[in-house]
Structure formats: structure tokens, C-alpha cells
Amino acid sequence: WVGETEKNLAKAFQEAEEMQAVLLLDEVDGLLQDRRQATRSWEVSQVNEFLVQMESFNGVMVATTNRFDELDQAAMRRFDFKMHFDFLNYAQRLALLENVCAQLKLVVDEPKIKAKLNALDRLSAGDFAVIVRQSCFHPFESVDAVVQHLADEMAAKYKSSQSIGFTAST
């Protein structure tokens, strides 16, 4: 309903302040979209209410997004700190792979998978969590199968556009 989001935002900020709790808002881009892109009045009023609440909030708020560039500029000025978490580096990918494989009762032979794992440079911890969840439905029988599934996850998220039409041959 119109205005319901604004009421819920006010309530969340109020409760967090009363409880002296950290207010964690995941995927905040859904609430703080750039108003210059708004097509409906409620999209603007929702951001406006959020900004008002941020200004008067006497507590700690943490907001997460993977769409940093789409956040409202006025909101960006109200965040005291902005931190960027990049994709996992090789050591982090290896550590998570070893952890996940231990849960799956698989032993990682690093030299055997190093080249493949090194190429998977756009993985996040969430990609490894998918492996654990999916193992409940279909067990992974080898480390290679786990690494291949990670490659498939990465490819599905970061599809490169393919050209359509004719290309000149040389």
C-alpha cells in the first residue's frame, strides 16, 4: 500500500534506536534508488523518508549493496564510511574450497586444481554457499565437480554479450 514502506522504515529506525541495536539493511539499493531514475511518486517519497530517518537516527546503521552506482547521491553523502569488498583472491578461494570440500568429505589436491581455481577470479563467498546447499540435492563426487560447478556459477552471473549479425572476415 502507498505509504506503508515509509511507515515500516520509520518503525525499523525507531526500534533499532530504542534497542540500541545495529540496524542492518541488506540489498539497500531496493530502498535507496537514485531518485533521478524514479518514474513513480512513491519511489521518490520512499527515498525521502529513508534520508529523513538516516539524518535523525542516533545509532549504527550498516547497509549493503552490490549496486553501489545506483544509489541516490544524497544518500551516499549521509554514509560516514563506504567500503568495497572485492571478489575473493586465490588464497581465499582455496581456503573456502578446502572448507567446503571437507564438509563434502572430499580432499583437495591443490596442484591438480590450481589453474582452474586461479581462473575463477569473480567468485564470492556466496558461490561456495550455493555448493553446500546444492550438495543436499545432488552430492558432489569429486573436487573437479565442485570446481566445475563454481565455474558454471561464475559464468551464469557474468555472461558476456555475444554479437549478433555479420562480421567481416579477413
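In which helix is Glu153 found? Glu153 sits in helix 7, residues 143-157. Helices here are DSSP runs of H or I, at least four residues, numbered from the N terminus. This is a predicted model: local features need pLDDT of at least 70, side-chain atom pairs count only at pLDDT 80 or more, and totals for chains, interfaces and linings use all residues. Residues are numbered from 1 along each chain as its sequence is written, and side-chain values use heavy atoms, with hydrogens and water left out.

Glu153 is buried but has no salt bridge. Buried means under 20% relative accessible area, exposed over 50%, and partly exposed in between (1.4 Å probe, protein chains only). A salt bridge puts a side-chain nitrogen of Lys or Arg within 4 Å of a carboxyl oxygen of Asp or Glu. For Glu153, the nearest side chain of opposite charge is Lys157, 6.1 Å away. Lys and Arg count as positive, Asp and Glu as negative; His and the chain ends are not counted.

Lys157 pairs instead with Asp127, with the closest N and O atoms 2.8 Å apart. Lys157 lies in helix 7 and Asp127 in helix 6, so the pair ties together parts 30 residues apart in sequence. Asp127 is buried, at 3% relative accessible area. Lys157 is partly exposed, at 38%.

The structure holds four salt bridges. Another of them joins Glu55 and Arg78 (2.7 Å, N to O). Glu55 is in helix 2 and Arg78 in helix 3, 23 residues apart. Glu55 counts as exposed at 53% relative accessibility, while Arg78 counts as partly exposed at 29%.

Terms used
Helix = DSSP H or I, 4+ residues; strand = E, 2+ residues; numbered from the N terminus.
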